[in-house]
Amino acid sequence: MTFKKNPLLFLLNLTYSINKTMPKITLPDGTIRSFDNATTPFEIATDISEGLAASAIGARINGTLSDITTSITADAEVKIITAKKGEKDSDPDALELIRHSCAHVMAEAIQRIRPEAKLVYGPAIDNGFYYDISFEESDPLSSEEFEVIEKEMHDIIKEDRPFTRYDLNPKDGMIKLRNEGSKYKIDNAERAIEAGSNLLTWYATGEPNKDWEDLCRGPHVPSTGRIGAFKLQSIASSYWHGDANSDSLTRVYGIAFVHKKQLKKYLKMLEEAKARDHRLLGKKLKLFHIDEQVGQGLLLWTPNGAVIRQELQIFISEELKKQQYSHVFTPHIGKLDLYRTSGHYPYYQESQYPPLIDPDQLHALADEGCTCGDLANLMKAGDIEGYLLKPMNCPHHIRIYASEQHSYRDLPIRLAEFGTVYRWEQSGEIGGMTRVRGFTQDDAHLFCTEDQISSEIIGCLELVKIIFNTLGMHDYKVRVGLRDIDSDKYVGNTKQWDKAEDACRKAADSLGVPWVEEAGEAAFYGPKIDFIVNDVLGRPWQLGTVQVDYNLPERFDLTFIGKDGKQHRPVMIHRAPFGSMERFIGVLIEHFAGAFPTWLSPEQVRVLAISEKSNEYADRVLRKLLDNGVRATVDKSDERIQAKIRNGADLKIPWLLVVGPRDAEGNNVSVRKRGILQDLGAVSLETFAAAIDEEIKSRGEIEALKICFPDDDFPEDT
Ligand SMILES: [Zn+2]
Ligand SMILES: [Zn+2]
């Protein structure tokens with residue numbers, strides 16, 4: 001979950017009281033309605049239709065999300081925000097109003113049960129809300145209390161009390177807050193005033209100065225009864241102002257939606273996501289291991305996971321070959337000096353493993369009585385030589401490019417490597433495959449002329465398209481990061497940037513999938529393209545990027561000889577479209593829920609002997625498949641055949657072949673396919689072997705099932 005906005009923004013006041021009555025209201029469809037006096041969004045909605053008024057819960061007034069009762073005294077553009085029972089996709093504004101309002105209701109419920117609880121912030125977030133609350137250290141909140149809190153919340157919602165706003169000037173407001181004595185709310189108010197707010201605002205659920213209330217900038221739904229469906233989710237610890245040295249707080253998370261059906265759908269998605277969690281599946285299917293003795297965030301690819309990675313690398317390499325890439329290998333470390341030239345050291349020091357110092361130098365320094373502090377200073381000043389675990393592959397590839405003089409005829413030069421890099425992630429952020437300290441990028445660096453940027457980026461995107469399509473990831477989008485034209489942090493000239501940005505746009509356009517451009521999202525050295533893929537549950541995953549770079553060719557003084565016989569500067573493109581093998585395969589595990597297509601499956605076929613009598617034939621079947629290059633095993637255990645089938649299905653093996661005496665007689669195998677509950681029947685071993693060969697070679701485009709049983713139509717287990 002992420003912050004939707006700075007929680008402090010809730011405390012800033014906005015009013016629309018300009019000295020003018022008879023406002024003209026412009027609606028989203030362009031129609032204009034005039035009012036004789038000051039009006040409110042609710043009156044506007046009523047003026048349009050009773051139905052609209054009944055479903056209205058808020059408004060955007062000149063773009064600002066507002067209460068439905070906000071007074072409008074001047075001309076304004078107004079969009080009524082509605083929430084209706086049963087609607088499929090609710091307005092994000094409606095959800096935000098409901099979620100934040102629900103945070104109030106939760107806070108009130110908690111304070112009813114725990115009057116000592118002190119409130120801090122309660123913003124809306126993706127799918128729900130949270131409230132940071134201070135409890136007495138001796139009596140922390142536990143999720144076991146959720147049921148009681150939820151019951152109180154339901155009562156408050158049933159009472160359908162209005163959210164009533166009232167304002168005080170800063171002086172009176174501060175007096176009130178000091179009397180109440182909550183240092184957190186006093187701090188919130190002081191910050192709001194400092195930020196320029198000329199009013200302090202409270203919202204009572206019910207009547208001001210009588211019912212429960214909270215200092216809050218709003219807006220909210222009209223009344224508690226308009227909060228649709230909610231559920232409390234979890235408790236986490238947080239710190240006041242996000243500062244670990246400050247008060248520790250309890251963050252209570254909840255989710256909220258317009259209606260129950262949406263809530264149910266979301267809960268089901270969460271459940272499914274849990275079942276697909278790559279950390280759990282990684283363990284169950286023995287795909288990878290993280291070992292305390294090796295180190296946090298340093299992933300060990302166990303045999304099953306290594307198969308998936310290898311197959312994927314072969315696939316990507318085949319496509320790179322078609323695009324005339326050249327593969328290179330480079331070492332895992334490089335001299336500090338290399339990274340001083342590239343700028344990776346000392347600038348990104350805090351995200352790197354500490355340098356390895358040249359042993360001879362270290363001994364000499366020790367003899368001179370050099371202290372740890374001296375050593376650190378020497379390293380900082382660059383007076384000491386050593387090596388760095390590479391945080392990026394680019395400098396090595398650049399030195400390969402620079403190892404010979406190139407002419408324009410050589411360009412573009414495309415150097416690819418599954419290059420492993422090391423970065424020092426904060427330990428709190430590490431977990432599973434998606435955040436690690438050593439990872440292998442599907443990296444490549446393209447050295448080209450300015451005129452070639454566009455076609456090179458298109459090539460990168462085509463590769464992405466082929467690979468996503470083969471993996472059945474059809475729901476993805478592209479984000480083009482452009483410069484912020486008001487900023488002066490960018491290297492390169494305007495003409496270069498215009499050209500490169502245009503090339504990125506063109507490339508994105510050629511892909512035929514949705515893309516957006518975002519100003520200010522470029523790197524300081526050039527524009528970039530990011531890939532965001534939605535998995536089968538619709539969860540977005542940011543994968544890799546394609547970045548244009550004017551900076552490193554400059555820093556390393558790279559050249560090529562142009563048509564004019566003079567030296568020119570090449571442009572560099574960094575591209576790692578899938579990010580890293582670790583992250584990408586982590587996403588794939590969840591995408592496939594561990595049921596990989598046959599070509600990627602660590603174990604593609606398992607032969608199951610009905611009884612000991614069939615072991616010999618099972619071995620013959622196995623040998624045939626192994627000779628054909630299929631990853632197959634045989635289960636000769638003493639278990640009954642039903643148990644063998646269950647075990648194979650549990651490990652998500654795509655094909656199970658049951659063999660008994662009759663199969664042996666006819667040289668047949670009885671086929672079971674993952675996802676189809678029934679036994680499909682017998683086919684000759686020759687037919688099955690040829691069929692699976694086709695399925696694997698075509699990476700699933702040709703289905704073995706259709707070859708083995710061309711006339712049958714099997715229902716899938718859904
Ligand atoms: Zn509020
Ligand atoms: Zn790079």
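## Contacts and overall dimensions

A contact here means heavy atoms within 4.5 Å. In this predicted model, residues 24 or more positions apart account for 70% of the contacts in the protein chain that have a separation of 6 or more.

The protein chain has 718 residues, of which 51% count as buried, and its secondary structure comprises 22 helices and 34 strands. Taken along the principal axes, the C-alpha atoms fill a box of roughly 85 × 75 × 60 Å.

## Strand β29 and its two partners

Strand β29 spans residues 571-576, and because six of its six residues are buried, the strand is largely enclosed by the rest of the structure. In a regular strand the side chains alternate between the two faces of the sheet. In β29, Val571, Ile573 and Arg575 point one way, whereas Met572, His574 and Ala576 point the other way, and all of these residues are buried.

## A three-stranded open sheet

Strands β17, β19 and β18 form an open sheet in the order β17-β19-β18, with antiparallel pairing. Strands β17 (333-335) and β18 (356-357) stand at the edges, each with a single partner strand, so one side of each is left without a neighbour in the sheet.

Strand β19 covers residues 386-389 and is joined to β18 by two bridges, the two strands running antiparallel. Within this pairing, Ile357 stands opposite Gly386 in β19.

## Cysteines

A disulfide is a covalent bond between the sulfur atoms of two cysteines. With a pair of cysteine sulfur atoms within 2.5 Å as the criterion, the count for this model comes to zero disulfides. Among the cysteines, Cys216 is buried, with a relative accessible area of 4%, and Cys394 likewise counts as buried, at 2% relative accessibility.

Notes
Residues are numbered from 1 along each chain as its sequence is written. Chains are lettered from A and ligands numbered from 1 in the order in which they are written. This is a predicted model: local features need pLDDT of at least 70, side-chain atom pairs count only at pLDDT 80 or more; totals for chains, interfaces and linings use all residues. Side-chain values use heavy atoms; hydrogens and water are left out. Buried means under 20% relative accessible area, exposed over 50%, partly exposed in between (1.4 Å probe, protein chains only). Helices (H or I, at least four residues) and strands (E, at least two) are DSSP runs, numbered from the N terminus. Two strands pair if DSSP finds at least two bridges between them.
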